[in-house]
Amino acid sequence: MRSAEMSDGGFSTLGSIAAVRPVFLIVMGVFLLLIAWRLAKTSGIWTARLLVAGALLLGFGYAVIMPLFEAGVIERYAPGGHYHGSAATAVAWHLVRMVVMNTGWLLFGLGLAMHAKILSSPAPRPRAQARSFPPHESIT
Amino acid sequence: MNPLHEIILNHGLLFDALGVIGLGLLGLAAVKLARSHQSWGGNLMAMGAIAVLLARFYLVLSPYFINDDVLHSIGPIGISLTIGLPPLLLSLGLAGIVWGLWGHERWLHDENR
């Protein structure tokens, strides 16, 4: 029913123009990878590792897997559905996509969080000055 | 089907939760960047993260409440919205995140020079 509605154009074509979306996704994926790599050059070692790992996964997901899905090269996984090709392939690609995209966002988010230093305390509190009292004077 | 596949298929929500946590962290980091550095990229990144989160939230939840009655009651424009809006939000959100990241990176570059 929904697929019948999708073909009548109108508002729905705005979001998902069939030919443009894969190109858009490829450009975005490559660009994300490039920027994350440049950002990682100026940050600490673990931050850079997380950022680049996340960006690699996301870049792979957005530049390779998602366009293949959008272009219809890979069949979408539908629970209990029937496929033109082999069902195992559809399931396997579904798994790959889920793992890659979600792990990618998680690692990238963690890396950016560490880059923005939301996980570390802002500044060490100035230590209370060790005040030097004169030794107690004897009260006379 | 081997057991690993079953685990992942039956607990897909777990993986979606990982992605949502990551996007939440991304949004937090973006807000922090925007507040502490006054870099405009942070704002754009935060908006992108919110858009992607909204679309993802809808995509995860929609199988639980969308059925023929609901579709019938919201009419053709509503149905077009449910089909057209999530991809639009995903695209705009991704573009916002990438653009914001680019802006932040360039701002950082200018700052260091």
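In which helix of chain B is Arg35(B) found? Arg35(B) is found in helix 2 of chain B, where helices are DSSP runs of H or I with at least four residues, strands are runs of E with at least two, and both are numbered from the N terminus.

The model is a predicted one, in which local features need pLDDT of at least 70 and side-chain atom pairs count only at pLDDT 80 or more, while totals for chains, interfaces and linings use all residues. Residues are numbered from 1 along each chain as its sequence is written, and chains are lettered from A and ligands numbered from 1 in the order in which they are written.

Arg35(B) counts as exposed because 12 C-beta neighbours lie inside 10 Å; a residue is exposed with 12 or fewer other C-beta atoms within 10 Å of its own, buried with 20 or more, and partly exposed in between, with C-beta atoms placed from the backbone. From Arg35(B) to Asp16(B), 19 residues apart in sequence, the C-alpha to C-alpha distance is 29 Å.

Chain B as a whole has four helices and zero strands, and its pattern along the sequence reads α-α-α-α. Its radius of gyration, taken over C-alpha atoms, is 18 Å, well over the 13 Å that the globule rule gives for 113 residues, so chain B is more spread out than a compact globule; that rule is 2.2 Å times the number of residues to the power 0.38. The C-alpha trace of chain B spans about 60 × 40 × 20 Å along its principal axes, and 35% of the 113 residues count as buried.

Turning to the interface, 34 residues of chain A are in contact with 33 residues of chain B, a contact being a pair whose C-beta atoms, placed from the backbone, lie within 7 Å. Helix 5 of chain A gives the most to the side of chain A that touches chain B, with 15 residues.

The axes of helix 5 of chain A and helix 2 of chain B come within 7 Å and cross at roughly 25°, the axes being lines fitted to C-alpha atoms over the stretch in contact, with angles from 0 to 180 degrees between N-to-C directions. That makes the two helices roughly parallel, the class for angles under 35 degrees.

Technical notes:
Contact = placed C-beta atoms within 7 Å. Parallel < 35°, antiparallel > 145°, perpendicular 65-115°, else oblique.
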